[in-house]
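Please walk through this structure, from its helix packing to its pockets and a few local details of the backbone.

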Amino acid sequence: MKQVLLYKNVTEGIFLSRPNRFIAHVLVNGKEEICHVKNTGRCRELLLPGAKVTLSVSDNPSRKTKYDLVAVWKGDTYINMDSQAPNHAAGEALWHLIPGAKQVKGEVTHGESRLDFCVETDEDTWFVEVKGVTLEKDGHALFPDAPTERGIKHLNTLIRCVEEGNRATALFVIQMKGVHSFSPNDTMHPAFGDALREAAANGVEIWAYDCRVTETGMEIDQPVQVKL
């Protein structure tokens, strides 16, 4: 699979604080800058004062800030935390992950939900919902890091897709290397874990893959064991 180029111009900084979920204060070249955070999740275990972060630099003069916070170092692990990156990487990877893919269409409406992808093969129509994973504990990846009623709605839609004779997958894109398994985060949102197990019991395929992450991009790499 090919790495998707996400950022053309990057620089490093030191995370200072996050006043709200949209912005962070980061030390860049000795100056405190206000940066847009490209992930509205909590990310509390990642964005710690003093953490080294990667910023994408915009050349758009009309922006209020020219920096987007897109990745962070957690010890020796480099983690992409851009919430848009998993879909970009999946759009490339699905051509390889689903045998015989003839068409990969993004942002498809099914009933009252919008799903990330619809893949056509000669035999099947395959609906895929992608979830980015940035929460890791002792080599174990967990989702979500905050309650997600929207995530439950997507899983229910995938169940309906299977009931209608299609195939369906919940694809968890773990935005780092170094993890050995994936599970729903029942401590944070037990209802999501229940919904994921129900989806699996009703024929929805649950996939988890780690990623190779660089400063400029990300690619889906190897399957990770799913423990429901």
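The paragraphs below take up helix packing, an aromatic pair, pockets and backbone details in turn.

This is a predicted model, in which local features need pLDDT of at least 70 and side-chain atom pairs count only at pLDDT 80 or more, while totals for chains, interfaces and linings use all residues. Residues are numbered from 1 along each chain as its sequence is written, and side-chain values use heavy atoms, with hydrogens and water left out.

Two packed helices are described by the angle between their axes and the distance between the axes. Helices (H or I, at least four residues) and strands (E, at least two) are DSSP runs, numbered from the N terminus. Helix H2 (residues 149-163) packs against helix H3 (residues 190-201) at an angle of about 10 degrees, and their axes are 9 Å apart. H2 is therefore roughly parallel to H3 (angles under 35 degrees count as roughly parallel). The axes are lines fitted to C-alpha atoms over the stretch in contact, and angles run from 0 to 180 degrees between N-to-C directions. On the H2 side, Gly 151, Ile 152, Leu 155 and Ile 159 meet residues of H3, including Phe 192, Leu 196 and Glu 198; contact means heavy atoms within 4.5 Å. The residues of this contact divide into eight nonpolar, one polar and one charged. Ala, Val, Leu, Ile, Met, Phe, Trp, Tyr, Cys and Pro count as nonpolar, Asp, Glu, Lys and Arg as charged, and the others, Gly among them, as polar.

Phe 192 also forms an aromatic pair with Phe 172, edge-to-face, at 6.4 Å centre to centre with 85 degrees between the planes. Rings of Phe, Tyr and Trp (its six-membered ring) pair if their centres lie within 6.5 Å, and planes over 60 degrees apart count as edge-to-face. Phe 172 lies in strand S13 (residues 167-174) and Phe 192 in helix H3, so the pair ties together parts that are 20 residues apart in sequence.

The largest pocket holds about 830 Å³ of space. A pocket is an open set of points on a 1 Å grid over the protein atoms alone, where a 1.4 Å probe fits, with protein on both sides within 12 Å along at least five of seven lines; lining residues have an atom within 4 Å of a point. Its lining has 36 residues, and Asn 39, Thr 40, Ser 83, Phe 143 and Arg 150 lie nearest the centre. Strand S10 gives the most to this lining, with five residues.

Phe 143 is also joined to Pro 144 by a cis peptide bond, with omega about 0 degrees. Pro 144 is found in the loop between S12 and H2.

Notes: Parallel < 35°, antiparallel > 145°, perpendicular 65-115°, else oblique. Points joined across faces, edges and corners; volume = space filled by probe spheres on them. Phe/Tyr/Trp six-rings, centres within 6.5 Å; stacked < 30°, edge-to-face > 60°.
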